[in-house]
Amino acid sequence: MSFYPDDDFIVATSAEEAVDRLGELHRQATAALSQALKRYLKDRVVPSEQQRALFRYPLLRIGYHWQGEVPTTTRAYAKIQVPGNYSVTVTHPDAFRPYLLEQLRPLMSDFTLRVEVGPSEQNIPYPYVVEQGDELAGSGVTAAELARVFPSTDLSAASDGVADGLYEWENADPMPLALFDAARVDFSLRRLVHYTGSDWRHVQPWILLTNYHRYVDQFIRHGLEQLRDDPRFVRMVLPGNVIIERGTPEEDAQAVADAVVWHRYQMPAYHLIAADGHGVTLVNIGVGPSNAKNITDHLAVLRPHCWLMIGHCGGLRQSQTIGDYVLAHAYMRRDGILDRVVPPHIPIPALAEVQQALQEAAAQVTGEKGEALKRRLRTGTVLTYDDRNWELRWAQERPLINLARAVAVDMESGTIAAQGYRLRVPYGTLLCVSDKPLHSEIKLPGAAGAFYERAVTQHLHIGITALDLLRTQLDSLHSRKLRSFDEPPFR
């Protein structure tokens with residue numbers, strides 16, 4: 001039985017009105033759940049049936065029933081492909097306000113829609129209103145007991161069925177309005193906090209992923225310089241939610257950065273926050289395709305504009321030298337991590353906008369062009385393995401590598417690109433050759449320090465410059481190449 005009659009839905013005449021109402025309903029629902037949880041922990045007061053009915057996510061639903069020709073647009077998102085009803089539950093509407101408005105404004109401008117907002121039938125799990133967990137300490141109440149009294153996490157309700165093409169669109173009413181519903185988003189938001197060591201609200205829409213901590217050192221240095229020199233940037237957030245504000249004296253800022261206990265977190269994140277909302281986040285994902293899939297599964301719910309892999313690789317060609325760059329234009333995936341949802345025979349296309357931005361950024365940062373740049377920057381296929389010691393199977397692997405014309409090998413890039421393709425997040429890869437395992441060229445201890453100091457600094461600045469270039473071409477970046485024919489209206 002629902003305690004919400006249909007007349008609890010309001011018709012929104014503007015995108016702002018719809019998002020305002022979503023925010024109001026979410027605040028009411030989370031406040032009711034939080035208060036009921038505190039009463040139970042203190043006095044064992046079980047919420048009534050009517051109270052439990054308040055613990056619901058807000059619902060955004062859209063009706064498009066035009067019988068004529070569907071309006072055409074070259075825009076890759078905020079478009080409706082077939083008439084019908086669409087809906088999605090929404091979490092944290094206030095935090096997602098810019099994204100929601102980005103979708104609703106053009107939709108409501110280009111299509112004749114009925115937009116309604118009201119309470120859904122989907123419960124908010126109680127763990128998602130527990131901020132620190134301190135509320136449960138010393139209460140004598142177990143998680144199992146709370147799950148019997150309050151709505152708890154239901155993993156069957158948090159799926160990627162829409163993104164993976166498993167949703168039955170035929171005869172669906174309503175159809176999905178977005179790739180992820182509220183339960184799936186909340187699941188990932190909590191995982192992001194756990195893995196990265198900082199509040200998910202700090203994550204910026206332009207993301208760099210790396211597999212080596214030395215990039216972190218350079219990113220912090222870059223961030224402190226930007227806080228000093230560029231008024232667009234207002235603060236830097238480090239693991240543990242350590243904040244360095246613009247205007248902090250240089251010595252004090254460096255001391256704060258040096259004191260951060262980043263190793264407490266599996267994939268620490270660093271956020272250079274801009275006043276216009278277009279800052280940059282760097283995540284040190286560590287080594288391996290499992291980490292790469294894990295973090296991108298969760299970052300995707302934030303709907304970032306782009307993620308780029310900047311890390312180290314092994315060069316596979318004799319003509320390469322240590323410190324050269326590899327711009328991936330194809331991926332040979334031998335990691336197996338995504339084979340069930342994106343089989344290896346599915347092509348992962350290079351995105352022209354990202355490729356051009358990375359190449360232009362490399363030219364700007366290195367100061368090299370033409371033949372000089374070609375000697376440093378090799379374009380080709382990157383091979384991604386799940387086995388760091390793949391060289392021990394060189395005799396067996398060589399024919400396939402040779403056939404693929406691969407120029408570099410790593411353990412993350414193919415996974416990150418496939419995740420971008422799968423979850424509709426623009427992606428790209430620029431790697432730096434750190435060794436040549438097939439040509440007996442390895443980094444000797446004496447030469448390693450000089451290589452890292454020179455190559456990592458330049459490499460990081462190429463990645464940041466590429467994101468700056470892409471920031472000026474959002475409309476073309478979010479292209480139709482990443483969208484299927486069964487696709488929700490929201491990006």
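In this report, a residue is called buried when its relative accessible area is under 20%, exposed when that area is over 50%, and partly exposed in between (1.4 Å probe, protein chains only). By this scale Arg-97, at 25% relative accessibility, counts as partly exposed.

The structure is a predicted model, in which local features need pLDDT of at least 70, side-chain atom pairs count only at pLDDT 80 or more, and totals for chains, interfaces and linings use all residues. Residues are numbered from 1 along each chain as its sequence is written, and side-chain values use heavy atoms, with hydrogens and water left out.

Side chains of opposite charge can pair when their charged atoms come close. The structure holds 30 salt bridges, a salt bridge being a side-chain nitrogen of Lys or Arg within 4 Å of a carboxyl oxygen of Asp or Glu. Three of these pairs are listed below.

| Salt bridge | Closest N to O distance |
|---|---|
| Arg-105 and Glu-16 | 2.7 Å |
| Asp-229 and Arg-228 | 2.9 Å |

Arg-105 is partly exposed, with a relative accessible area of 45%, and Glu-16 is partly exposed at 28%.

Asp-20 is partly exposed, at 41% relative accessibility.

Elsewhere, a network of salt bridges links Asp-160, Asp-164, Arg-184, Lys-293, Asp-297 and Arg-422.
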